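Reader: I am new to structures like this one. Could you show it to me and let me ask about the terms?

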Amino acid sequence: MAIGRTADPRPAIDAALARRLVDTQFPQWAELPLELLDPAGSDHVIYRLGEDLSVRLPRHAGAIGQAMKEFEWLPRLAPHLPLAIPAPVGVGEPDFDYPWPWAVSRWLDGEVATAEALADSSPAAVQLAEFLTALQEFVPEDFPLENAREDLTGRPLADRDRATRAAIAEVDGTFDTAAMTALWDAALNAPGWDRPPVWFHGDFHTGNLLTVDGRLSAVIDFGGLGIGDPACDLTIAFTLMSAGSRAAFRTALGVDDATWTRGRGWALATGLNAYTSYAAVNPRVAAQTTRQITEALIG
């Protein structure tokens with residue numbers, strides 16, 4: 001069975017466009033060289049600008065709110081978090097037929113974290129639990145978490161029901177359909193978050209973690225940053241960790257059974273979405289999401 005979906009219309013992005021945008025809107029950096037970062041994920045085309053900056057251009061409409069969100073919130077979050085996060089320095093405007101806001105941030109050195117290197121590392125798992133704890137405990141002044149504005153409001157897992165069931169049917173024969181359906185039903189039926197809303201990263205997976213000398217150093221890509229049920233951030237337990245480190249992570253974070261089940265549901269849903277969208281054309285994504293789905297089924 002062929003796996004893949006028709007892509008939504010996307011603007012053409014190349015180095016010439018990035019050069020023109022930078023040179024006209026941030027002329028102080030016009031002399032700095034641009035270097036494409038590849039691979040850079042599915043949401044942005046990323047260029048390194050000189051030694052100290054990066055340029056992030058959204059690939060599709062679903063990513064266009066990230067530049068302003070990060071510019072507003074990351075400087076406020078950074079002092080409270082135990083790992084480095086991006087430091088935005090400017091938001092660019094649409095121009096030259098490029099339709100959306102885009103961002104310039106400080107460059108963060110590091111390699112993308114891999115399960116091969118860190119899956120069995122309980123210290124790394126505990127470090128990630130400490131990061132999420134600090135994020136969840138952040139309470140900005142004069143900003144009531146109970147009435148978060150729309151761009152920060154977490155969406156319920158149930159919103160993914162139709163797409164996830166369709167994806168389960170689409171990958172029948174590749175993964176265990178009965179096990180996926182049972183997990184998905186359990187996640188949807190698990191009790192919801194019954195405590196005050198907290199901050200979550202929203203896209204907390206291996207590709208958004210950086211390491212230096214084999215140690216976790218930074219968390220990037222806060223486009224999904226929001227307030228509500230933090231179960232979505234448990235996805236990291238199934239993209240990065242093995243059973244032993246996952247247990248250490250869960251204990252350090254203090255996750256109850258219902259939240260853990262919802263987290264497994266998030267891992268399954270997002271893994272299936274990426275698998276059905278990209279596995280046929282991207283072997284790296286195919287391998288990563290296969291692991292994610294398989295580990296979510298293990299629990």
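Reader: How many bridges join β2 to strand β3 (residues 53-58)?

Author: Six bridges join them, and the two strands run antiparallel. Strands are DSSP runs of E, at least two residues long, and helices are runs of H or I, at least four, numbered from the N terminus. Before we go on: this is a predicted model, where local features need pLDDT of at least 70, side-chain atom pairs count only at pLDDT 80 or more, and totals for chains, interfaces and linings use all residues. Residues are numbered from 1 along each chain as its sequence is written, and side-chain values use heavy atoms, with hydrogens and water left out.

Reader: What makes β2 and β3 a pair?

Author: Two strands pair if DSSP finds at least two bridges between them. Here there are six, so β2 and β3 pair.

Reader: Which strand pairs with β2 over four bridges?

Author: Strand β1 (residues 34-37) does, in the antiparallel sense. Leucine 36 has tyrosine 47 of β2 as its bridge partner.

Reader: Why is β2 called largely enclosed?

Author: Buried means under 20% relative accessible area; exposed means over 50%, and partly exposed lies in between (1.4 Å probe, protein chains only). Six of the six residues of β2 (residues 44-49) are buried, so the rest of the structure largely encloses this strand. In a regular strand, side chains alternate between the two faces of the sheet. In β2, both faces are covered. His44, Ile46 and Arg48 are buried on one side, and Val45, Tyr47 and Leu49 on the other.

Reader: What is the strand order in the open sheet of five strands?

Author: The order is β1-β2-β3-β5-β4, with antiparallel pairing. The edge strands are β1 and β4 (88-92), each pairing on one side only. Neighbouring strands are turned by 25 degrees against each other on average, direction ignored. Helix α1 (residues 15-25) packs on this sheet and touches β1, β2, β3, β4 and β5 (102-106).

Reader: Why does phenylalanine 96 count as partly exposed?

Author: Its relative accessibility is 26%, so phenylalanine 96 falls in the partly exposed range. This residue sits in the loop between β4 and β5. Phenylalanine 96 has a positive phi of about 55 degrees, although it is not a glycine.

Reader: Is aspartate 221 buried or exposed?

Author: Aspartate 221 has 12% relative accessibility, so it counts as buried. Aspartate 221 lies in the loop between β9 and β10 (226-228).

Reader: Why is α5 called oblique to α9?

Author: Helix α5 (residues 161-170) and helix α9 (residues 257-278) pack at about 55 degrees, with axes 9 Å apart. That makes α5 oblique to α9. Angles under 35 degrees count as roughly parallel, over 145 as roughly antiparallel, 65 to 115 as roughly perpendicular, and the rest as oblique. Axes are lines fitted to C-alpha atoms, for helices over the stretch in contact, and angles run from 0 to 180 degrees between N-to-C directions.

Reader: Which residues of α5 and α9 meet?

Author: Thr164, Ala167, Ile168 and Glu170 in α5 meet Ala269, Leu272 and Thr276 in α9. Contact means heavy atoms within 4.5 Å.
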